[in-house]
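Welcome! Please take a moment with the sequence and the model, and then let us walk through them together.

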Amino acid sequence: MNITTENLSQLSYFVGVENDRLAGLPSLFNSKSFIKGQTIVSEGDKQENLHFVNTGVVKIYKTSSEGKEQIIKIVRPGESFNDLAVFGGSFCPYSAQALGNTTIIYWIHKNDLLPVMEKNWRIVRNALEILSEQARLLLALVEDLSFKNVTGRVAKILLQNATPGPEGYQRLTQYEMAAMAGTAREVVGRSLKNLEDSGAISLERHRIVIKDRSYLDRLAGLN
Amino acid sequence: MLSKEMNRLPIMPVIDHARCDGCGLCVTVCKCGALVLSGNTVAILEVDDCGWCTDCELVCATGALQCPFEIVAPEV
Ligand code: SF4
Ligand code: SF4
């Protein structure tokens, strides 16, 4: 796959960098196409390449010892992942999986990237902004998962919306439930799975069927 | 009460064409072939294989694609 400076100028780290300063960079990059479901990096791997999504989309997630998955972020074209391992630690703190049918990933090794960064303040500034955004996102996730009873809030939202209106059943997306619960969609997805595992609800395609109302009441603090 | 006829029509995710920027990410993640890029937006076909994985909604950055859940509480 031929990578051009034009391709690189679309990547978050190189936004705003003059084209002639990107001239030597394409030869430092590699690329590979992944199919849907393929793992790109695995949590705990030694991995010193900074990855970028060129086309397609990537899911970043962590898996608990019981096999439960928590999505951390969806990475879209132009965005990076594995930044944390590249700038410190070397070990990937999460896994990344291709969600798109043809997901093309570019990567550059940190030993090639760091000398380029040393000579270009704009790339450093972009990197700092990206890392700070990622830190903010992770802190919000920590707050949601450890301090908020999101499953209880989701239980309450389901109970409050379980009465059909004049137009039939009430319909809510996971984004809407997340906004109502003051959390991220990724956390709502996990809460719904937890509720399903506990038998309180069942997910039947486009329906959430309430199976154990008293259990949801208790979780929601309603009795 | 839904008639048998109505029950057979697959309920599909919903698209808000005004918010769709035609990026095509939803199309690349969909396993069932229901989503088709058409000009600068996405058309949704009625297919039987959509399992409501909600991946299309998950990857849509503009909020144009939605997979709403009906919340059903059977009478006890
Ligand atoms: S992901 Fe969203 S914005 Fe992109 S084409 Fe699909 S519906 Fe439109
Ligand atoms: S819910 Fe899943 S299967 Fe259905 S249209 Fe969206 S991506 Fe395709």
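What follows goes from confidence, through domains and cores, to the contact between the chains.

This is a predicted model, in which local features need pLDDT of at least 70, side-chain atom pairs count only at pLDDT 80 or more, and totals for chains, interfaces and linings use all residues. Residues are numbered from 1 along each chain as its sequence is written, chains are lettered from A and ligands numbered from 1 in the order in which they are written, and side-chain values use heavy atoms, with hydrogens and water left out.

**Confidence**

The predictor's confidence in each residue is its pLDDT, from 0 to 100. Chain B averages 89, and 87% of its residues score at least 70. Over residues 1-6 of chain B, pLDDT stays under 50. Where pLDDT is low, the predicted coordinates should not be read in detail. For the complex, the predictor gives an ipTM of 0.86 and a pTM of 0.88.

**Domains and cores of chain A**

Chain A is divided into domain 1 (5-138) and domain 2 (148-219), with bounds from an automatic or database domain assignment. Their centres, taken over C-alpha atoms, are separated by 34 Å. Five residues of domain 1 of chain A are in contact (heavy atoms within 4.5 Å) with five of domain 2 of chain A.

A nonpolar core is a set of buried Ala, Val, Leu, Ile, Met, Phe, Trp, Tyr and Cys residues joined through side-chain atoms within 4.5 Å, where buried means under 20% relative accessible area (1.4 Å probe, protein chains only). The largest such core has 57 residues, of which Ile40(A), Val58(A), Phe81(A), Leu158(A) and Met177(A) touch the most other members. Helix α5 (residues 150-160) of chain A gives the most to this core, with six residues. Domain 1 and domain 2 of chain A both give residues to this core, so it lies between them. Beyond four places in sequence, the contacts of Met177(A) include Leu158(A), Leu192(A) and, from the other chain, Phe69(B).

**Paired strands**

Here, strands pair if DSSP finds at least two bridges between them.

| Strands | Sense | Bridges |
|---|---|---|
| β4(A) (residues 58-63) and β5(A) | antiparallel | six bridges |
| β10(A) (residues 201-204) and β11(A) (residues 207-210) | antiparallel | four bridges |
| β11(A) and β5(B) (residues 69-72) | parallel | three bridges |

Strand β5 (residues 69-75) of chain A is mostly covered, with five of its seven residues buried. One of its residues, Gln70(A), is the bridge partner of Lys62(A). In the hairpin of β10(A) and β11(A), two residues lie between the strands, and Arg205(A) takes a positive phi near 50°.

**Where the chains meet**

How many residues of chain A are in contact with chain B? There are 31, and they touch 28 residues of chain B. The area buried between the two chains (accessible area, 1.4 Å probe, lost on being put together, summed over both) is about 2,900 Å², and carbon and sulfur atoms give 58% of it. Arg171(A), Arg205(A) and His206(A) supply 25% of the area that chain A buries against chain B, more than any other three residues.

Note on methods:
Buried means under 20% relative accessible area, exposed over 50%, partly exposed in between (1.4 Å probe, protein chains only).
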